[in-house]
2 protein chains.
Amino acid sequence: MAITIVDVAKKAGVSPSTVSRVLSNHPRISPATAAKVREVLKELGYHPNIMAKSLVSKTTNTIGLILPRPAEELFQNLFFSEVIRGIVTQSARTGYDLMMTTGTTEREELEAVTRLVKGRRVDGVILLYSRQSDPLISFMLEHGFPFVLIGRSEEFPDILSVDNDNVQAAYDATRHLIAQGHKRIGFVSGPPNLIVSGDRMKGYLQALKDAGIEARPEWIVEGDFLQESGYRAMSFFMCLPERPTAIVVIDDVVAFGVLRGLTELGYKVPDDLSLVGFNNISLSELSTPPISSIDIGIYQIGYTASQTLIRAVKGEAMPQKRVIIPHRLIVRESSLVQVKN
Amino acid sequence: MAITIVDVAKKAGVSPSTVSRVLSNHPRISPATAAKVREVLKELGYHPNIMAKSLVSKTTNTIGLILPRPAEELFQNLFFSEVIRGIVTQSARTGYDLMMTTGTTEREELEAVTRLVKGRRVDGVILLYSRQSDPLISFMLEHGFPFVLIGRSEEFPDILSVDNDNVQAAYDATRHLIAQGHKRIGFVSGPPNLIVSGDRMKGYLQALKDAGIEARPEWIVEGDFLQESGYRAMSFFMCLPERPTAIVVIDDVVAFGVLRGLTELGYKVPDDLSLVGFNNISLSELSTPPISSIDIGIYQIGYTASQTLIRAVKGEAMPQKRVIIPHRLIVRESSLVQVKN
DNA sequence: ACAGCTTGTGCAAACGTTTGAACAAAAGCC
DNA sequence: GGCTTTTGTTCAAACGTTTGCACAAGCTGT
């Protein structure tokens with residue numbers, strides 16, 4: 001059915017090996033033969049069978065992307081579209097294909113990854129976001145399989161990873177609110193098993209401490225990365241006898257929920273409550289009011305992760321194991337009010 | 001390095017073919033041998049090399065997803081996360097792997113697809129969203145390669161496709177505004193080369209016509225699927241000597257831009273201008289005010305597309321070529337005002 | 001007890017590549 | 001002009017599977 005190297009060889013009157021060598025620009029091929037073969041290649045519309053190629057070369061020109069479980073929820077958040085966008089773009093640009101996988105349960109997840117890794121389906125994988133003591137990391141290390149982690153691992157600080165400095169980011173966000181005159185600052189956190197939650201919490205607490213402000217446990221609530229948790233957090237905060245005047249919110253999507261909750265309760269942002277979020281998703285700019293946010297460079301993280309992985313599988317030298325993408329604070333209306341104490 | 005069928009065969013004291021047959025549950029294998037082999041399989045931690053498997057079986061257990069160009073922009077819109085979520089979930093559930101590809105230029109795009117299709121890398125592909133006279137469709141048909149289209153093709157109505165009824169959806173949206181008493185209704189459209197734009201425009205015009213309302217060309221503006229275009233549309237609409245009292249907006253993300261534009265100009269939604277969008281992205285519910293939207297069942301579209309494709313590559317019977325996912329109108333505050341004429 | 005089935009297993013070819021080794025022809029050297 | 005080196009090409013093995021065919025052994029039924 002399909003055109004193989006043998007078909008081309010026959011038609012060009014050479015051996016299959018010669019065709020193969022023309023294809024891979026082997027130095028010891030005469031210009032005349034090369035030209036001839038190339039002509040037939042064009043004429044017949046030859047395309048290499050990647051399976052056969054991979055079988056012998058043991059490389060697939062493909063990288064795998066392991067989505068954290070449950071992927072369902074994940075996609076609600078723009079963070080992932082954005083990071084995937086970075087990965088897709090970079091890998092396409094380098095001529096690598098991208099394979100995505102996920103699983104609903106822990107078992108399914110590990111199974112899918114095993115299929116990819118042990119089935120020699122991909123040359124390396126990107127692990128998207130790390131949990132505390134992620135079993136996948138151990139799995140990869142155990143098998144000596146190339147991978148880069150998006151995020152940070154506390155147990156294995158020496159693996160290839162791309163991340164931002166979440167502690168500093170949260171510190172900056174909190175610091176900004178303090179600079180606006182706020183002294184009563186709350187925090188809407190994420191799931192505690194995600195490292196990002198812990199890191200941002202740490203930065204928040206440190207900023208308070210450095211400013212000589214005592215943290216109030218009742219002003220810290222745990223949520224997830226969905227809007228509802230922001231919404232819920234507000235019903236809680238605003239019923240407190242003593243309320244914060246500003247909050248740091250773990251994610252812009254959650255901040256959207258916060259905004260909606262406040263509006264429904266009849267409060268105004270930033271006058272009644274200032275807020276700053278994370279990730280600077282595109283909608284933050286156009287919400288009412290626009291949300292101040294820490295721009296994490298999510299796209300850049302995905303792009304860099306892909307780049308790092310591809311370099312690694314090609315065996316290129318790694319300047320550094322751990323890349324930190326810089327963040328920056330984007331101040332918008334939601335935190336633009338000076339508090340008089 | 002890796003464990004092959006031959007290693008297992010040796011250790012179990014049988015031939016490689018026997019191992020292969022155990023693996024594929026061949027009927028003529030004695031229970032005793034099967035048990036023995038399976039034991040060794042476990043013990044050695046065997047995993048099939050998918051490349052070798054594919055090479056002989058000519059099937060890859062992988063489907064491809066072709067993202068429309070330019071993928072960069074695309075991902076800004078939640079539509080795609082959502083549809084990809086549906087595809088990933090379904091394919092993972094069926095044990096299929098998913099391969100994503102894209103290209104920056106037309107040439108790159110076709111190249112990537114060719115690599116997938118002619119390189120026998122995937123068993124079939126999903127074409128995400130169709131343009132007018134999409135060259136990829138012709139390409140697939142020409143090569144007799146299994147594919148399903150998300151969207152609609154005017155030239156090839158007989159191919160496998162999953163879509164919603166965009167004409168009817170826009171009709172319903174417009175009808176809803178008319179039912180609220182509006183007679184002056186505008187439309188913010190999408191890029192004219194996308195079929196979805198044309199379809200929604202058609203439904204909008206038809207609804208007006210059926211209600212005996214004349215369409216006003218100056219109340220129809222063309223945008224893209226990004227927020228800015230909604231924002232821009234407002235600066236235009238609101239400066240008109242005669243303004244619409246309601247608008248249909250091609251996408252919720254664009255509606256966000258509209259909302260922001262109106263707020264900045266000092267107008268209130270829905271009092272000064274009512275609006276209804278499409279796609280019912282998760283943030284629509286929590287914006288201020290919440291946006292009325294046509295829920296297209298995007299996740300369902302992705303899920304069904306994957307399901308259809310996998311059935312097709314397995315050679316299962318297709319009940320129908322063209323699947324239409326039903327939509328429904330979600331009425332929220334942004335269109336909840338009765339107009340007195 | 002023998003022909004004919006059935007059952008379980010092994011052999012070997014095939015899938016489409018790559019690549020080291022072999023080799024013939026041409027070229028370079030003194 | 002013989003010897004070595006270079007250049008261009010082919011041969012054949014290998015990658016890890018699957019699968020048609022052959023075949024031996026164990027059953028049937030007469």
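**View 1. Helix 9 of chain A passes helix 10 of chain A in a right-handed crossing.** A crossing is right-handed if the near helix is turned clockwise from the far one by less than a right angle. This is a predicted model, in which local features need pLDDT of at least 70, side-chain atom pairs count only at pLDDT 80 or more, and totals for chains, interfaces and linings use all residues. Residues are numbered from 1 along each chain as its sequence is written, and chains are lettered from A in the order in which they are written. The axes (lines fitted to C-alpha atoms over the stretch in contact, with angles from 0 to 180 degrees between N-to-C directions) of helix 9 (residues 166-179) and helix 10 (residues 195-210) of chain A come within 7 Å and cross at roughly 40°. Helices (H or I, at least four residues) and strands (E, at least two) are DSSP runs, numbered from the N terminus.

**View 2. Strand 2 of chain A and strand 2 of chain B pair in the antiparallel sense.** The pairing runs over three bridges; strands pair if DSSP finds at least two bridges between them. Met100(A) has Leu98(B) as its bridge partner.

**View 3. Chain A and chain B each give 45 residues to their contact.** Residues are in contact if their C-beta atoms, placed from the backbone, lie within 7 Å. On the side of chain A that touches chain B, helix 6 of chain A gives the most, with seven residues.

Technical notes:
Two residues are in contact if their C-beta atoms, placed from the backbone, lie within 7 Å.
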